[in-house]
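Hello,

Here is the structure to be handed over. Please look through it first; notes on what was found in it follow below.

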Amino acid sequence: MFEKKNLWIPFILCFALSIIGCKSKSGMVKKGSIEQIVPIKIDTIIQKVIVHDTVPKLSQGEHKVWTLGKAGIHANIRQETAIHYDVRKPNYVIIHHTAQNSLDQTIRTFQVEHTKVSSHYVISRNGVIVQMLNDYVRGWHAGLSKWGTITDMNSISIGIELDNNGKEAFPDAQIEALMVVLDTLKANYVIPAANFIGHADIAPARKNDPSVFFPWKKLADRGFGIWYNPAELVTAPETFNPIDALRIIGYDTRNLKAAIIAFKRKFVVNDVSPELTIYDKSILYNLYQNY
Ligand SMILES: [Zn+2]
């Protein structure tokens, strides 16, 4: 049987989900909570697409998703329809600081043509959470990056931008709002604790966000990200290879100094020189043992 249109259904669902994210006015939400998204009339879209092979008036981003959906079907290959599927889920969360001065400035940045950047959430200094992309669509926040063997972090992650200029502390209200989002994402998509990481972790030679002010230990205590056990710190044995350890954790060590700085910005904080001291190695050894 050659029923090509059925293969569109999973994509159509994804596409419809993207519309929920793009069109919903629920994007603007109150501090410390994520407003319930109003279900879209998904049947209407499927009806229009399948029966009439046309789509509603689309925004630029929606049209791109729609075009990619068509490109995912290889017309020269025999097509059969499997019935068991859903859409791919995010498995990582990447945390950023905006390096900008206001929530509104960042919202505008993600809405103008030339910037070519976006993230799923932006959180203001006083804890207002703004959702700008549906969790299921691919944001443009990671850029050229690598973690372990993953080279397309945008395809596998949700991006969260914290309104912060990079030289200031993150207010408690902002971090508490972040925790609300992280709790929701972790529960919805069963994201492992170790997969909550920073932009600088995955692009150490290009990025430094979030800054040294970001409270990674506080996050790890709540189950987001990893942290060492201070009570277990010992001098690493002579046989310990810190470069291998960095690589096993996930760091791209091709630029070793950049990887060391990223590691130290997160775990050592008060010293971000590009060398590993005995103390730094003891932290790395502890993480390596517990990872
Ligand atoms: Zn970033």
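**Helix and sheet**

Helix α5 (residues 172-189) lies across β1, β2, β3, β4 (157-162) and β5, and runs at about 170° to β4. Helices (H or I, at least four residues) and strands (E, at least two) are DSSP runs, numbered from the N terminus. Axes are lines fitted to C-alpha atoms, for helices over the stretch in contact (heavy atoms within 4.5 Å); angles run from 0 to 180 degrees between N-to-C directions.

This is a predicted model, in which local features need pLDDT of at least 70 and side-chain atom pairs count only at pLDDT 80 or more, while totals for chains, interfaces and linings use all residues. Residues are numbered from 1 along each chain as its sequence is written, and side-chain values use heavy atoms, with hydrogens and water left out.

The 5 strands make an open, mixed sheet in the order β3-β2-β4-β1-β5; two strands pair if DSSP finds at least two bridges between them. β3 (129-131) and β5 (196-198) each have a single partner strand, so one side of each is left without a neighbour in the sheet. From one strand to the next the twist averages 25°. β2 (residues 121-123) pairs with β3 in the antiparallel sense over 3 bridges, and Ile-123 has Ile-129 in β3 as its bridge partner.

**Zinc site**

His-96 (ND1), His-199 (ND1) and Asp-209 (OD) coordinate the zinc ion at 2.0 to 2.2 Å. Donors are N, O and S atoms within 2.8 Å of the metal (3.2 Å for Na, K and Ca); water is not among the atoms, so the site may look incomplete. The spacing of the donor residues in sequence is H-x102-H-x9-D. The two histidines link distant parts of the chain: His-96 is in strand β1 (residues 92-97) and His-199 in helix α6 (residues 199-202), 103 residues apart. His-96 is buried (under 20% relative accessible area, with exposed over 50% and partly exposed in between; 1.4 Å probe, protein chains only), at 1%. His-199 is also buried, at 5%.

**Nonpolar cores**

A nonpolar core is a set of buried Ala, Val, Leu, Ile, Met, Phe, Trp, Tyr and Cys residues joined through side-chain atoms within 4.5 Å. The largest has 26 residues, and those touching the most other members include Trp-147, Met-153 and Tyr-251. Helix α9 (256-267) gives the most to this core, with 5 residues. Domain 2 (92-221) and domain 3 (230-290) both contribute, so the core lies between them; the domain bounds come from an automatic or database assignment. Apart from this core lies another of 23 residues, including Ile-123 and Trp-216.

Regards
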